[in-house]
Amino acid sequence: MTETTSTEPGPLPDNPAERYRILRRDHPVSRQAGQPWRVARYADVQRVLRDNTTFSSEVVPATVGADRAATMLFCDPPEHTRLRRLVSSAFSPRRIAQLREVIERRSEELVSEMVGKEQPDLVYELASPLPVTVIANMLGVGDGDIREFKRWSDAIFGNIGAILFGRASADVIEAATAMDAYFRDRIDRFRKAPPENLLGQLIEVETDDGKLTDAELLSFCRLLLIAGNETTTGLIVGCVRVFHELPETFAALKRDRSLIPTFVEETLRYYSPFSLTLRRVVKPIELSGQELPVGDIVLPLIASANRDDSVFERPDEFVIDRNPNPHLAFGFGVHTCLGATLARLEGQIAVASLLDHLDEITLVDHDLAALSRLGGPRTLPVNIRAISKVTSRFQ
Ligand code: HEM
């Protein structure tokens, strides 16, 4: 590959795969005037995510204060290490495996309801409610409060950039304030009698690093909503997008369900829901020939790294049984996704439910499925052909 110091590429194609290919080849570290740096190659993205002493996660204005605590995603060690240690046990594979039954039942219910409808909306019927109910369950949100919880999360997801940079609208502030009040009340009640859910475990957990304060617990509830919901929606949308574009994958999974885990992994690589993240340069550094000054923001393009031909053979081909598959869809380094095991489980179960009930699923409008934002679209009508005899384990 040729090294280049060109920082301002000319107009780039709209198609993300083509755009990324040009960036990786000709402009591995580039930017448009006044914009953050885009980092396109796998090795550079991995380096940015690994080297937290040069590339800091403290990218948003500090929110620490009397009733505010740093969000783990946006802080560096040692503060990050303390928070991550405290919450990790609640995300162990054993704890996540305990959620399998809840996820399977919910996924089965949602897909069964979807099957009865003509041109159902995949996002509305399955891809959005599945992760929302799982997180609501983990945080002990009462059944009667789920609708309200979903309204808050929708308002917050849709405006995450504005929230992070302190430019949220009155509606969004209202939703965030109502949600904070709800969780403050729950934390108060759960402190007296911690229940068997994730929030209960987090309230009780105590390590050499101490306990989580109320403000830290609240901040973590908010982070779960942001980090765990729309991304998982994006994964389920990505799976169905692959079924639409490559119907042979659906047929292959029908024949051999042991391919579901590698199918989901390849979908994460091929249509990465968390397509980029951000860091701030805190030490001067050169990356692929480009000097990056202290204070600048860089965007490691995860979705571009995941199509890099120096790591993946045939990167623009969907290989259903690709193994190994060292994609960076869940990040890399100290901030590697805490919910990766859960997200994989949800993706695999959603795919299994679709296979249980359907012979075919296609998108009504393919362009709607494009991942232009974190996660995916708000609406995605699909055409489905239900199978005559359901083989679900829940009959
Ligand atoms: C397919 C779904 C998901 C994808 C693609 C995804 C992706 C990511 C990525 C790329 C990061 C690292 C960001 C960075 O380094 O700046 C991250 C962090 C995180 N994710 Fe996920 N995520 C998913 C689902 C979830 C779920 C279901 C949860 C929890 C319920 C979750 C919780 C978190 C948390 C707490 C962090 C912050 C970890 C830290 O700062 O140490 N994620 N995720």
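Here's a quick briefing on the ligand site in this structure. The model is predicted, so treat what follows as a description of computed coordinates. The ligand sits in the largest cavity, with 29 residues surrounding it. Its iron atom has a single protein donor, Cys337.

**The iron**

- His80 puts a polar side-chain atom 2.6 Å from an oxygen atom of the ligand.
- For Arg84, an N or O atom of the side chain is 2.7 Å from a ligand oxygen.
- His335 has a side-chain N or O atom at 2.6 Å from an oxygen atom of the ligand.

**What the shell is made of**
- By residue class, the shell around the ligand has 19 nonpolar residues, eight polar ones and two charged ones.
- Three helices each supply at least two shell residues: α3 (79–88), α12 (214–245) and α16 (340–357).
- Of the contributors, α12 gives the most, with seven residues in the shell.

Terms used
Residues numbered from 1 in each chain as written. Predicted model: local features only at pLDDT ≥ 70, side-chain atom pairs only at ≥ 80, totals over all residues. Heavy atoms only, no water. Near = heavy atom within 4 Å. Polar contact = N/O pair within 3.5 Å; in protein donor to acceptor, adjacent residues only side chain to side chain. 1 Å grid on protein atoms, 1.4 Å probe; cavity = no way out; pocket = protein on both sides within 12 Å on 5 of 7 lines; lining within 4 Å. Sits in = over half its atoms within 2 Å of the grid points. Helix = DSSP H or I, 4+ residues; strand = E, 2+ residues; numbered from the N terminus. Nonpolar A, V, L, I, M, F, W, Y, C, P; charged D, E, K, R; others polar. Donors = N, O, S within 2.8 Å, 3.2 Å for Na, K, Ca; no water.
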